[in-house]
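This report concerns the charged side chains of one protein and how they pair. Please look over the sequence and the structure before reading on.

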Amino acid sequence: MSSADERRDELKAVFHACQSCVRCPQLASTRHSVVFGAGNADADLMFVGEAPGANEDRQGLPFVGQAGKLLDQLLSEIGLTRAEVFVANVLKCRPPGNRDPHPAEVDNCQGWLFDQIRLVEPRVICTLGNFATKLLRGDATGIRRVHGQEEIRQIGPRAVRLFPLFHPAAALYTPSMVDTLREDFARIPALLAKPPVDQPEPEAGPIEIEVVEPEPEPRSLVDDVPDAAPEPQPALVAEQMGLF
Ligand code: URA
């Protein structure tokens with residue numbers, strides 16, 4: 001089992017790898033930024049939306065537009081802030097013109113999300129809207145039928161409480177949906193207060209072989225070797241990730 005610090009460091013490494021992702025050639029060529037996700041790297045509560053929009057693409061952070069304002073408002077009504085949760089999307093790049101994600105794009109991108117879930121270790125995941133709900137429930141049932149219904153699902157190596165919600169962007173245009181979203185949100189604190197779900201036995205991993213570092217060469221022998229690329233500054237990485 002990894003410590004919170006180890007998981008956070010691995011999450012930063014995944015963040016860096018994700019920045020140069022070109023698995024979806026169209027999205028990689030039209031995006032301004034890869035919107036990895038942001039928030040508390042050790043959050044108990046994670047939200048998964050659909051894909052960045054224009055504001056998110058410009059700022060590199062999830063849910064910073066109108067839908068994000070509604071998300072913030074609903075969080076504050078249950079006594080939470082963004083700094084306490086982790087927010088990610090099914091797609092890390094903006095689909096041009098905010099079109100729906102293509103199935104191949106969801107396939108290409110899902111590994112990043114599964115890594116985020118594995119490393120943040122949330123206890124409760126709220127899927128926002130159809131795309132996140134269908135992906136994480138692993139079936140095609142629409143959000144209208146399953147919103148507000150808690151269930152336990154295994155996602156990768158982790159069992160979590162999954163709690164599908166309407167997407168705040170859809171609710172923005174339908175006042176009755178905001179009411180439903182607010183009612184569903186009001187149940188989140190009780191979900192967080194439940195005991196942690198039992199975790200599956202870890203799969204037997206590869207046998208770990210300890211690597212013994214060779215003694216460093218005397219300085220005089222390595223003077224003409226160029227320095228490795230500088231390590232990214234932790235503060236900068238944390239800022240780009242909106243990590244708290
Ligand atoms: N809608 C989403 O699904 N995600 C965002 O980050 C913003 C709007």
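Lys 194 counts as partly exposed, because its relative accessibility is 32%; buried means under 20% relative accessible area, exposed over 50%, and partly exposed in between (1.4 Å probe, protein chains only). The model is predicted: local features need pLDDT of at least 70 and side-chain atom pairs count only at pLDDT 80 or more, while totals for chains, interfaces and linings use all residues. Residues are numbered from 1 along each chain as its sequence is written, and side-chain values use heavy atoms, with hydrogens and water left out.

The side chain of Lys 194 meets that of Glu 150 in a salt bridge, that is, a side-chain nitrogen of Lys or Arg within 4 Å of a carboxyl oxygen of Asp or Glu. Lys 194 lies in the loop between α10 (188-193) and α11 (219-222), and Glu 150 in the loop between α7 (143-146) and β5 (151-155), so the pair ties together parts that are 44 residues apart in sequence. Glu 150 is partly exposed, at 26%.

The structure holds 12 salt bridges, including these:

| Salt bridge | N to O distance |
|---|---|
| Lys 194 and Glu 150 | 3.0 Å |
| Glu 77 and Arg 182 | 2.7 Å |
| Arg 99 and Glu 105 | 2.7 Å |

Glu 77 is partly exposed at 38% relative accessibility, and Arg 182 is partly exposed at 32%. Glu 105, by contrast, is buried, with a relative accessible area of 7%. A network of salt bridges links Arg 137, Asp 139, Glu 151 and Arg 153.

Definitions and conventions
Helices (H or I, at least four residues) and strands (E, at least two) are DSSP runs, numbered from the N terminus.
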